[in-house]
Amino acid sequence: MREPNEIDFWRGFALVTIFVNHVPGLYFERFTYRNASLSDAAELFVLLAGWALRKLVDSTPKEGAAAGLVFRLAGRALDVYVAQLVITEIAIAILAASSILLDAPFLLDWHNASAVFHDPVRAHIGTVVLTHQLGYFNILPLYVVLMLGAPLIPSIHRAAPSALLPASLAIYAATLVLGVNLPTWPIEGTWFFNPLAWQAVFVLGYLAAGTDGFGGFVRRHRTSLRWLALPVVALGALAALARYSPDPIDLPEPTLFFMFDKTFLSPARLLHALALAVLLGGAFATIRRFLPPLTDYLALLGRNSLQVFCAASLLSLIGQILRFASGGTFAIDAVIVSVGVSILGAVAWASDSRERLRRASPKGQPPSSPAASS
Amino acid sequence: MTSTVCAGTFEPHVPALPLSPPCAAPDRDIAAPAALPNFTAALEKRKALRILAIGSSSTAGLGATSNGKSYPSRLESILERALKGIDIEVVNRGVSGEVAEITAERIRSEVAIDKPDLVLWQLGTNDALIRVPPDEFETEVRDLLRWLRDNKIDVVLVGMQYTTRLARDPSYAEIRARLQRIATEEKVLYVRRYDAMRFIAQAHAELRLMARDEFHLNDLGYQCMAEHVAHALVASLYVKTPRPAAE
């Protein structure tokens, strides 16, 4: 197993944060960083996904790699897609079972699930083509689209390294100017995370992970960038604490550029996420010196991010139902968080163990579960 | 009604909208009129208006037999009939089971992209059921109301449905009380669905406004919801000084 490292640590941190943030009204939500920040764990998660993509690409041998890489990335996109369908179906079953057990038909409504029960013909199509997303289950669809586009990123980067960032930012800018987004169906609306906008943070993560170009620039100017990041993070904290949100009426067109919009990842949020990364990136070594169990635990989660993400999504939903049934007291909230984070650890540990077994098995004799390699 | 009629190109004497017999309820159980200055001004200036109907399952129209029978669709035709010559488009952005915090995020996005002339925000039920602390709910709603006011967009709060089961739920009662208080203090129009539905349920025991799950409305329920919202809107069109909401 790879040693605890900075990326896995922050991914684990993002995963626990997402788990807590996805239980509305949970007491412990107030301790998550979005309360004092413009961007939240979603930006961090996607930035790190871009970073991980770069590591994957760089670890793929260069000779004749193009086809191999495309297959590898497409396989990864498929894994995420399958994970999304499986957790969506399990979430639907959890809601259905709870509605029977608690005699609470309104649970069938939660998080946009109702179309599955009331309009199953269209909702099933929508679920498979990702245009029907449950609330809080809308990050993986973004990730699927990003991974489907992922082969383009190293291709452009290899052919013309300096073209990747301008291309990504041009798509981002055009998306904000035009206000375009992918549609949802059968429920009329648009994606909560707009992939056309969010690809920017993914590509920036990809570039930042390299030692050349943008990544090289960041590394060379680390100290000055930190000084620049400090006021951005401080202003973001002030805005969030004051619950400030810009007024489109006072803003020039296109207003999305100046809002703090999450769906379109407005520049303020993007910049804030980058500033946070510059400021806190590297803190891992220090944190590990003082709190090695914490860093190792979060790194364990982050190392198995897809499995942990899926478990966390379902645990958030179970937590919501427990809060409904119990009335949402502090005690139940404490149970949800402590048991939930422990289960996430168990899931990651099981996934690690499976990987260890796979590696220990003699070459050419794959263990019983070939799917464990993702 | 203590309303001041102002002159304009638009015919200001919109008669009070009659309610169909099954949906009849006293005005005090529907809404206390509150000023809608921006919507009224837009009505005087333009011939086409956009209304954003956003919220959860009651907006999406769950329990209705077709999309055309959801409350936003019905409202569109009722308003077009009442406000002759005005083209009204009611955009439906209901997402079932959504809490106010997420809807607020979507409202900000919708307003930034496509500034509507009026926002109908149906809310409360899911926050009560998912046990969002009432203080958090109140802060979230007030923040958005002030933001909308700063952006010169009128808003109507559309309250929670009456169901016999949830009538005894303390969180449900608390969130409903908060909505009433927020609406009174922020001086926004608040459609008291719960009271209107309870009145109908008690006045006509034989009428069914709910679908078989006893939670969603049926076609008649949505018809009444649309009528009540339309009635409250029209009654508020030329209100300059809102009278204190009756408790």
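**Entry 1: chain B as a whole**

I began with the contacts inside chain B, and of those with a separation of 6 or more, 82% are between residues 24 or more positions apart. I note here that the model is a predicted one. I then looked up the secondary structure and found that chain B has ten helices and five strands. The radius of gyration of chain B is 17 Å, close to the 18 Å that the globule rule gives for 247 residues, so I wrote the chain down as being as compact as a globular protein of that length. Taken along the principal axes, the box that the C-alpha atoms of chain B fill is roughly 50 × 40 × 35 Å, and 53% of the 247 residues in the chain are buried.

**Entry 2: the sheet of chain B**

In what order do the five strands of the open sheet in chain B stand? I read the order as β2-β1-β3-β4-β5, with parallel pairing. In chain B, β2 and β5 (189-191) stand at the edges and have a single partner strand each, so one side of each is left without a neighbour in the sheet. From one strand to the next, the twist averages 20°.

I then followed the pairings one by one. Strand β1 (residues 48-55) of chain B is joined to β2(B) by eight bridges, and there A48(B) has D87(B) as its bridge partner. Four bridges, again in the parallel sense, pair β1(B) with β3 (residues 118-122) of chain B, where I51(B) stands opposite L118(B). Between β3(B) and β4 (residues 154-158) of chain B I found five bridges in the parallel sense, with L120(B) opposite V156(B). Helix α2 (residues 37-45) of chain B lies across β1, β3 and β4 of that chain, and runs at about 120° to β4(B).

**Entry 3: where chain B touches chain A**

I looked up the contact between the chains and found 31 residues of chain B in contact with 32 residues of chain A. On the chain B side, α3 (57-60), β2 (87-94), α5 (100-113) and α7 (134-150) each supply at least two residues, and α5(B) gives the largest share, eight residues. The residues on this side of chain B divide into 14 nonpolar, six polar and eleven charged.

**Entry 4: helix α11 of chain A**

I checked the length of helix α11 (residues 222-241) of chain A: at 1.5 Å a residue, its 20 residues should span 28 Å, and its end C-alpha atoms are 28 Å apart, which agrees. Which residues of α11(A) are buried? They are A229(A), V233(A), G236(A) and A240(A). I set beside this list the general point that an α-helix has 3.6 residues a turn, so residues three or four places apart point the same way. The buried residues of α11(A) pack against α12 (267-280) of chain A. After α11(A) comes R243(A), which has a positive phi, near 55°.

**Entry 5: S313 of chain A**

I ended with one residue, S313(A), which has its place in helix α15 (residues 305-326) of chain A. Is S313(A) buried or exposed? It has 24 C-beta neighbours inside 10 Å, so I counted S313(A) as buried. Leaving out residues up to four places away in sequence, S313(A) touches I87(A), Y136(A) and F137(A). I also noted that S313(A) and F19(A) are 294 residues apart in sequence, while their C-alpha atoms are 6.6 Å apart in space.

Technical notes
Residues are numbered from 1 along each chain as its sequence is written. Chains are lettered from A and ligands numbered from 1 in the order in which they are written. This is a predicted model: local features need pLDDT of at least 70, side-chain atom pairs count only at pLDDT 80 or more; totals for chains, interfaces and linings use all residues. Two residues are in contact if their C-beta atoms, placed from the backbone, lie within 7 Å. Ala, Val, Leu, Ile, Met, Phe, Trp, Tyr, Cys and Pro count as nonpolar, Asp, Glu, Lys and Arg as charged, and the others, Gly among them, as polar. The expected span of a helix is 1.5 Å times one less than its number of residues. A residue is buried if 20 or more other C-beta atoms lie within 10 Å of its own, exposed if 12 or fewer, and partly exposed in between; C-beta atoms are placed from the backbone. The radius of gyration is taken over C-alpha atoms; the globule rule is 2.2 Å times the number of residues to the power 0.38. Two strands pair if DSSP finds at least two bridges between them. Axes are lines fitted to C-alpha atoms, for helices over the stretch in contact, and angles run from 0 to 180 degrees between N-to-C directions.
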